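I opened this model to look up a few side chains and a pocket. My notes follow in the order I took them.

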Amino acid sequence: MWETIAAGAFPEYELGVQLVSEQDEFAFPFDLLDPTKLVPEELVPVRPVGRMVLDRNPRNFFAETEQVAFHTANIVPGIDFTNDPLLQGRNFSYLDTQLIRLGGPNFAQLPVNRPLADVRTNHRDGYGQQVIHPGTSYEPNSVGGGCPSPWGVAGCPRASSSTTRRGPTARRSVGAVPVSPTTTARPVCSGAA
C-alpha cells in the first residue's frame, strides 16, 4: 500500500453505518449484539455517511502512527453506546491502554489525536499537558480576578454563542457559593464581557 500511495493511486473507502432504533432492538430473529453475526443489509440497509481517502504516507512514523490513540469511547455528543458487552469492555480498556501507553491523560492533545477545530474545555494540568493555562479553572476563587465565574457576571469573559453553555444555570461544583452580579467583595475580570 505504501508504494501505491507514493505513486499517487490513493486507496478510497466508503464509510457507511447501519442504524437501528431502540424500539426495534429485539425485532430481529438474532441478537444484534452477538459479535459473531453480521446484520443483513436486506434488513438494515447501509447508509453511506462519507468516504476515506488515504492520500499520503506518514512523514514521521513515530509522531503519526505510534502516538495515535484509537479509543472506542471517543464519540461525538448526542450519540450513545449500545449495551454490547464487548464494546463496554473496550471503552474501559482502550482508555486505560492510552493512559499508560501515551503517558497520561492529555494524549488527546498530541497533534495526531487533536481535532482540527479547537476544543475549549476546563481540562487542564496533568502529565503531557501541551498548553500553559493562566489563572484558574474553578470558581469562586481569589486569583485570576475571580474568573471563570457564573454565566453573565459583569466584567468576566462570556462564553460565545458557539459554545455549549446554554443559559444562566452553569454547573457548579458541590459546595460552591452562589455569587450575585452585584457582589463587590470579589474583584472582576478585566476581560471583555
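**Salt bridges**

I began with two charged residues, E12 and R51, and found both exposed. I kept in mind that this is a predicted model. E12 and R51 form a salt bridge, and their closest N and O atoms are 3.1 Å apart. I then looked up where the two partners sit. E12 belongs to strand β1 (residues 12–17) and R51 to strand β2 (residues 47–53), so this pair ties together parts that are 39 residues apart in sequence.

How many salt bridges are there by the rule I used? The count comes to 3. I noted the general point that side chains of opposite charge can pair when their charged atoms come close.

Next I took K37 and D34. Their side chains meet in a salt bridge at 3.4 Å, N to O. K37 has 45% relative accessibility, so I logged K37 as partly exposed. D34 has 23%, and D34 also counts as partly exposed. The cut-off for buried is under 20%.

Then I checked E64 and R56. Their side chains meet in a salt bridge at 2.6 Å, N to O. E64 is partly exposed because its relative accessibility is 21%. R56 is partly exposed too, with a relative accessible area of 38%.

**N91**

I moved on to N91, which I found in helix α3 (residues 85–101). Is N91 buried or exposed? At 11% relative accessibility, N91 counts as buried.

I wanted to know what the N91 side chain meets. A polar contact of 2.6 Å joins the side chain of N91 to that of T72. The N91 side chain also reaches the backbone nitrogen of A73, at 3.5 Å. I listed the contacts of N91 as well, leaving out residues up to four places away in sequence. They are H71, T72, A73 and F81.

**Q67**

I found Q67 in the loop between α2 (61–66) and α3. Its relative accessible area is 17%, so Q67 is buried. Which residues does Q67 touch, not counting those up to four places away in sequence? I wrote down F62, R101, L102, L110, V112 and N113.

**A108**

A108 lies in the segment after α3. With a relative accessible area of 42%, A108 is partly exposed. I compared the position of A108 with that of Q98. The two are 10 residues apart in sequence, and their C-alpha atoms are 9.5 Å apart in space. Leaving out residues up to four places away in sequence, A108 touches N113 and R114. N113 is also on my contact list for Q67.

**Second largest pocket**

I finished with the second largest pocket. In general, rolling a probe the size of a water molecule over the atoms shows where empty space is left. The second largest pocket holds about 1,200 Å³ of space. I noted 28 lining residues, and the closest to the pocket centre are Q18, L19, D80, T82 and L87.

Which elements each supply at least two residues of the lining? I found that β1 and α3 do. I sorted the lining by residue type and got 15 nonpolar, 6 polar and 7 charged residues.

Note on methods:
Residues are numbered from 1 along each chain as its sequence is written. This is a predicted model: local features need pLDDT of at least 70, side-chain atom pairs count only at pLDDT 80 or more; totals for chains, interfaces and linings use all residues. Side-chain values use heavy atoms; hydrogens and water are left out. Helices (H or I, at least four residues) and strands (E, at least two) are DSSP runs, numbered from the N terminus. Buried means under 20% relative accessible area, exposed over 50%, partly exposed in between (1.4 Å probe, protein chains only). A polar contact is a pair of N or O atoms within 3.5 Å; within protein, one must be able to donate a hydrogen and the other to accept it, and residues adjacent in sequence count only if both atoms are side-chain atoms. Contact means heavy atoms within 4.5 Å. A salt bridge is a side-chain nitrogen of Lys or Arg within 4 Å of a carboxyl oxygen of Asp or Glu. On a 1 Å grid over the protein atoms alone, a cavity is a set of points where a 1.4 Å probe fits but cannot get out, and a pocket is an open set with protein on both sides within 12 Å along at least five of seven lines; lining residues have an atom within 4 Å of a point. Grid points are joined across faces, edges and corners, and a volume is the space filled by probe spheres set on the points. Ala, Val, Leu, Ile, Met, Phe, Trp, Tyr, Cys and Pro count as nonpolar, Asp, Glu, Lys and Arg as charged, and the others, Gly among them, as polar.
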